[in-house]
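Let's take a friendly walk through a protein model together. Have the sequence and the 3D view open, and follow along one stop at a time.

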Amino acid sequence: MASPQRNPNSTTQNISQSSQEQCHQRDKIHRIIPEKDVNSLGNYGGAPMVAAAFNSDIEAGLQTGTALKAGLKQVDIPSFPSFVLEEFKSATLLPLFVSAVICFIAGIVSKNPDYGWTEGVDILVNILILVFLPSIQKYCTARKDAKKIKSLKVTVIRDGEYQDLAVPEVVEGDSVVLKEGDVVPGDGLLVFGNKLVIDDRLDSSIDRINNPFLFSGSKVVEGGGGMIVVSTGSNTRLVEMMLLMNHNPCEEEPLFQAHMKELSRTMDYIVMFIYIVLALVLFFQLLYTRNHHKDDQKSVRPPNLNNKVSAEFVETLFKKILLRSRGKIILLIYSLTIVDLGLQGILPPTISASLVYWNRNLKKKHQIHHKNLYACGTMGLTKIIVIDVSSELLVPQCPLEAAKDLQDKGVSIVLVSRDDESFVRAIADEIGILPTSRDLVVNGEEFDRGDIPRNNIISIRIMYKSQPKHTFLLVKALRENGHVVAYLGGLATLDTPALKEADVGIIEEHNSCGLADESSDFTVQGKGSLLPLLTSGRFVYSNVGSFIEVLHTTSICILFMAFILEPFHLIWVNAVIHIFGFSMILMELPKKRTISLKAKVMCPNIARKVLCQVLLLLSLGFIPKPILGSNEDIQEVMTLNIFTMFQVFYMFQIMEFSDIEVLKVAVRNYRFLVTVGVTIVFHGIMINCTENLSFLNWTVCFLLVLLLWVLDSTLKFVAETLYRLYDQI
């Protein structure tokens with residue numbers, strides 16, 4: 001008897017139906033876990049059925065033959081050449097490299113190659129310093145972070161055997177054994193073990209019956225047990241919120257640092273443009289002007305365009321431009337090298353050292369610990385502080401007067417909480433910041449639905465029943481509206497995206513979880529620490545902005561002074577600015593005006609200062625020689641003296657030393673007074689060792705500096721008048 005005919009498509013159809021049913025069951029589980037729905041979990045069949053939906057078993061775990069869905073993306077350690085190539089993108093490095101090649105060629109073709117190659121080596125060494133120092137620093141930081149992620153391991157059960165795996169290697173359906181100190185590798189359920197305590201301040205107690213839900217990123221602080229992982233990677237609640245960001249939180253720099261880098265890039269292009277213009281002007285001047293060589297008495301004549309340029313003419317021109325002991329192109333190259341070293345080589349360490357001082361001061365006086373060096377400057381820009389006041393455990397530690405002081409400094413405070421409206425209003429009343437009739441009090445779900453118009457978001461002062469996602473969306477919306485936002489939270493692991501989204505993330509030392517601690521910029525003892533943190537941040541941003549404006553102005557002027565002063569003189573001026581600037585950044589100067597680091601704001605100020613100094617430079621030629629001195633060396637030293645004095649005077653002016661309150665702070669700072677005294681002594685010694693200036697010479701220097709100040713004030717008044725007229729139009 002013939003056997004029954006089998007349908008060849010039946011097996012495939014059954015597998016397809018089974019696969020579809022399995023996907024449906026997993027989707028149902030993915031809805032139950034985030035909502036912490038114990039009843040739906042019980043109706044589904046509990047942990048055994050959840051494990052079965054992922055082809056797993058609570059005791060034996062996954063089978064190695066099961067197709068494993070990848071978890072987190074593997075973290076690769078970045079290569080060092082990638083950081084080097086990134087640093088070579090600076091606008092001024094390529095011309096410096098070309099200049100080094102020119103110097104090498106000049107040394108080779110000249111009869112005396114002893115000096116040409118040394119100048120080329122000097123420039124190449126500077127290039128290596130500018131490229132490799134920041135590259136090494138960034139590479140070491142990235143390597144450390146990558147190794148830290150790879151070092152996180154957990155124990156899983158597969159094929160009934162225990163295995164130690166890196167967290168990124170855990171997949172859906174894995175049975176994970178958790179012990180004290182382990183990081184939860186994904187979202188899932190506690191399936192064995194009596195009780196776990198995790199570092200979530202609002203929901204720390206986990207048990208198999210009433211609260212078995214575990215979420216990625218939490219850390220076990222007490223107890224042990226096992227879990228079934230149902231979501232990994234981008235499917236976890238934590239990463240889903242992270243993906244709502246418009247940027248990569250690991251790559252985004254603090255706003256303070258971003259402003260400085262934007263300005264630095266702009267200044268690179270400006271310096272490069274000026275350098276090229278000066279080089280072209282100098283080239284055509286030498287090309288079309290008869291100049292007699294001091295050594296061979298040969299002159300350079302303009303070429304006859306109707307005939308071929310002779311080899312002798314090209315050789316003479318090349319020697320004139322490059323091979324003289326004081327060739328002007330060589331001086332221009334040196335000036336560009338000095339500018340580059342000042343802006344890219346010395347400036348970052350100077351700023352970093354000053355930030356280290358301010359952060360140590362915060363730690364010493366207020367027990368505020370920093371995680372990000374540049375976050376202090378960003379805090380100075382903050383206009384909105386969002387504070388999580390969830391649960392009765394966190395009745396505010398912020399004194400009544402501290403909250404009002406924050407508001408008096410122009411900072412808006414927004415309270416968010418998972419609790420109901422009455423609870424949050426009571427806290428607002430206690431710290432003295434009850435919402436007015438113009439302020440908004442909203443529900444977190446209402447905000448999530450988009451019921452609040454975009455223009456009204458700035459008016460929100462209380463958001464109750466605010467889940468971590470709602471708080472994150474609020475911080476994100478405020479930033480998208482152009483506001484600088486600080487967020488004080490970190491009570492739960494899911495607060496981490498809001499901490500990363502905020503311009504400044506702050507946690508309280510004893511009221512935060514582990515992942516939030518790693519993601520924050522500052523750790524404070526209580527909410528009362530926000531006021532000194534804001535005050536210090538404003539000092540930092542204002543002082544650093546003033547210093548950078550002076551430094552960039554000086555750097556551009558150095559290019560114009562390259563044909564008048566020796567390279568050593570230019571290095572000295574650069575050093576004086578850094579010494580004075582560093583000492584002034586460290587002072588708590590009560591200035592009335594804050595210098596913005598935005599390029600579009602600072603560049604007009606720099607242009608005005610440079611114009612003043614260039615005009616003075618041109619006017620020196622009209623001053624009678626008996627006043628400046630008939631000796632060229634004396635004229636050069638007087639120019640150096642005037643140039644240096646005005647940079648220092650400019651720095652005193654921008655630091656508002658004319659304000660009596662600012663001046664009092666300065667004269668009471670002994671470190672600053674010693675710095676000024678020692679620098680003045682060394683400057684006087686250098687000037688007198690070069691040329692002994694008379695009393696008349698010194699008087700002329702002071703008068704010319706005063707003239708510069710009058711000219712600068714006049715241009716500033718004209719510019720401000722034009723701006724006002726433009727606004728009226």
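A residue is called buried when its relative accessible area is under 20%, exposed when that value is over 50%, and partly exposed in between. Keep in mind as you look around that this is a predicted model.

Start with E508. Its relative accessibility is 5%, so E508 counts as buried. This residue forms a salt bridge with K527, and the closest N and O atoms of the two are 2.6 Å apart. The pair links distant parts of the chain: E508 belongs to strand β16 (residues 504-508), while K527 sits in the loop between β17 (522-524) and α18 (530-561), 19 residues apart. K527 has a relative accessibility of 3%, so it is buried as well.

Now compare another pair. K179 makes a salt bridge with D182, where the closest N and O atoms are 3.5 Å apart. Here K179, at 45% relative accessibility, is partly exposed, whereas D182, at 7%, is buried.

A further salt bridge joins E661 and K664, with 4.0 Å between the closest N and O atoms. Both residues lie in helix α23 (residues 660-667), three residues apart, which is about one turn of the helix. E661 is partly exposed at 43%, and K664 is partly exposed at 35%. Salt bridges can also share partners: D388, R418 and D495 are joined into one network that way. The count of salt bridges comes to 14.

Three strands form an open sheet in the order β6-β5-β8, with antiparallel pairing. Because β6 (205-207) and β8 (220-223) stand at the edges and have a single partner strand each, one side of each is left without a neighbour in the sheet. On average, neighbouring strands here are turned by 30° against each other, direction ignored. Strand β5 (residues 195-198) pairs with β8 over three bridges, and I198 stands opposite V220 in β8.

After the helix comes N55, whose phi is positive, near 55°.

F649, L703, L706, W709 and V710 make a nonpolar surface patch of about 440 Å². Helix α25 (residues 695-728) gives the most to this patch, with four residues. L706 is found in α25, and its relative accessible area of 46% makes it partly exposed.

Key
Residues are numbered from 1 along each chain as its sequence is written. This is a predicted model: local features need pLDDT of at least 70, side-chain atom pairs count only at pLDDT 80 or more; totals for chains, interfaces and linings use all residues. Side-chain values use heavy atoms; hydrogens and water are left out. Patches are made of residues with over 30% relative accessible area and no salt bridge: like charges are joined within 9 Å, nonpolar side chains (Val, Leu, Ile, Met, Phe, Trp, Tyr) within 5 Å. Accessible areas come from the Shrake-Rupley method with a 1.4 Å probe; for residues, only the protein chains shown count as cover. A salt bridge is a side-chain nitrogen of Lys or Arg within 4 Å of a carboxyl oxygen of Asp or Glu. Helices (H or I, at least four residues) and strands (E, at least two) are DSSP runs, numbered from the N terminus. Buried means under 20% relative accessible area, exposed over 50%, partly exposed in between (1.4 Å probe, protein chains only). Two strands pair if DSSP finds at least two bridges between them. Axes are lines fitted to C-alpha atoms, for helices over the stretch in contact, and angles run from 0 to 180 degrees between N-to-C directions.
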